[in-house]
Structures are given as C-alpha cells and as structure tokens.
Amino acid sequence: MVPDTPQVLVFDDQSSTAAAIADHLVNQLIGREEPTHISVTGGGLGSAIWPQIAAHPKSSEVLWSRIHIWFSDERFVPAGDADRNDNAVIAVAGELGLPIENIHSVAGPDQVPTVEAAASAYASDLAVVLVFAVSILGIGPDGHVASLFPGRPEVGVTEGTTIAVRDSPKPPPMRVSFTRPLLMQCHQLWMIAAGAEKAQVVSRALTPGENPSRTPSAGLRGREVTRWFVDAAAAADL
C-alpha cells in the first residue's frame, strides 16, 4: 500500500535543492540495464537539475543509452525556442552520452499544424510506456502542475494521457500536458519547489483533502514513493 503521507526533504536554497534532486536521480538510475522511462519538468528548478546531473561524479556510471526522457508538459512553440522545457536536457545530452532519440520531445508548430495534433501524437508515442520509474514535477506559484492550472477543466480530465491546453493563464498560451492520471503513473513521484512565492501553495498541496481544482498539485502520489524536494523558503509555511 502506498503511504499517503509524502516524504518532505528541505534544503537551504534552490541550488542545493537542484543538487539534491540530481544526486537522487543519478543514484536511482545507476545499475539499470533495461530501458527505463522517466518524466521530467521545466521551469527554473526543473531546468537547473540538468547541469547538476552532467557535473555529478557518478553520472558516467549511468547507462544513458537505456534511459528515456519524457516531458510532463511542453509549450507549443518551435524546436529550439527559449520557452521549451526540453532545452535543458538537449543541452547536456552529448556530455552525458544520452542518445538524442531517447529524448522524447513534444512536437511544436514547426512539425504539426495544431496543439491538439501535438497532444495526440505525444499520446501515441507514450503508448510504449507502461510506467515511469520516476516522475519529477514542478509546482507553480498558483499551485499548477504540468500545464494543469487552477479552476480550469483540464484539471478534471480523468481519461487519456495527454491534453491540449489553449489560452493558458501563463504564457505561452498553447501547451501539451499530461493528464492527472498519467502524472501518477510512476513508481516514484518527486515534487520540486523553490522560492518564498511558493510557500503558501506548497503548504496547501500537502494539506490532506485539498481540492485539486484549487491546487492542481494537491493529492498527487507515486505508486511506491512520493517525495517533495523543497528549499527553506518554499517550506516556510509547513
């Protein structure tokens, strides 16, 4: 039975939080010889993990050719655009020895005509994934997770794996996001947050019974482990 109470790990600041997440992930991946799928996030903290992974003294012990990277959400902008979440992973792929074909990016408008087509194509790609070994999810100052924003219908979607988002309250307006059921299709779920502006929503998300419509990051659980990595500022209201 999955423990309902997440583990909460608190670090001094964003840099030390990113280093801790990177350390945990590298150690999780060492020794995996079968294809292993992980889901990652963007944002300031999510992007900061990847340089730390590249610099980790044990990163060379990971069989990166066996690791597949997916994205819990992506902005519907062209490949290489500064807003894309996949940039941070692509930037260190060569250094890590991570094959570019193992980075499963969401199609942008340079590849497909609509954000709905991008969501549909990504859902087809995701059909090969039975379960993620680790899913890393950020939380926004409004409590959003992936591109599921408070008070919007996407939060309540319970079927399928991906959804197209239009008119996002946070730019850019068009995005592709995992659904809540897919966010929890993982052995280990790691929520990450840094900064005083997130203290209130971190507290809400960790409050039992909090309504996901108000705080979409609330109530998310991994099948085996749910762990929060937060800095001291984000943990101030706990």
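1. Helix α2 covers residues 43–55 and helix α3 residues 87–96, and they pack at an angle of about 5 degrees with their axes 9 Å apart. The axes are lines fitted to C-alpha atoms, for helices over the stretch in contact, and the angles run from 0 to 180 degrees between N-to-C directions.

2. A word on the basis: this is a predicted model, in which local features need pLDDT of at least 70 and side-chain atom pairs count only at pLDDT 80 or more, while totals for chains, interfaces and linings use all residues. Residues are numbered from 1 along each chain as its sequence is written, and side-chain values use heavy atoms, with hydrogens and water left out.

3. Back to the helix pair. On the α2 side, S47, W50, P51, I53 and A54 meet A88, V89, V92, E95 and L96 of α3; contact means heavy atoms within 4.5 Å. By class, the residues are 8 nonpolar, 1 polar and 1 charged.

4. The largest nonpolar core holds 70 residues, and W50, I53, I69 and I136 have the most contacts inside it. Such a core is a set of buried Ala, Val, Leu, Ile, Met, Phe, Trp, Tyr and Cys residues joined through side-chain atoms within 4.5 Å, where buried means under 20% relative accessible area with a 1.4 Å probe, protein chains only. Helix α1 (residues 14–29) supplies the largest share of this core, 7 residues. Not counting residues up to four places away in sequence, I53 touches A22, L25, V26, S59, W64 and L96.

5. Now the sheet, which is open and has 6 strands in the order β1-β9-β8-β5-β2-β3, with parallel pairing. Neighbouring strands are turned by 20 degrees against each other on average, direction ignored. Strands count as paired if DSSP finds at least two bridges between them. Strand β2 (residues 36–40) and strand β5 (residues 132–138) run parallel and are joined by 2 bridges; I38 has V134 in β5 as its bridge partner.

6. Do have a look at A193, in strand β8 (residues 186–193). A193 counts as buried because its relative accessibility is 1%. Beyond four places in sequence, A193 is in contact with L45, I139, K198, V202, F229, V230, D231 and A234. F229 is 36 residues from A193 in sequence, yet 6.5 Å away in space, C-alpha to C-alpha.

How values were computed. Helices (H or I, at least four residues) and strands (E, at least two) are DSSP runs, numbered from the N terminus. Ala, Val, Leu, Ile, Met, Phe, Trp, Tyr, Cys and Pro count as nonpolar, Asp, Glu, Lys and Arg as charged, and the others, Gly among them, as polar. Buried means under 20% relative accessible area, exposed over 50%, partly exposed in between (1.4 Å probe, protein chains only).
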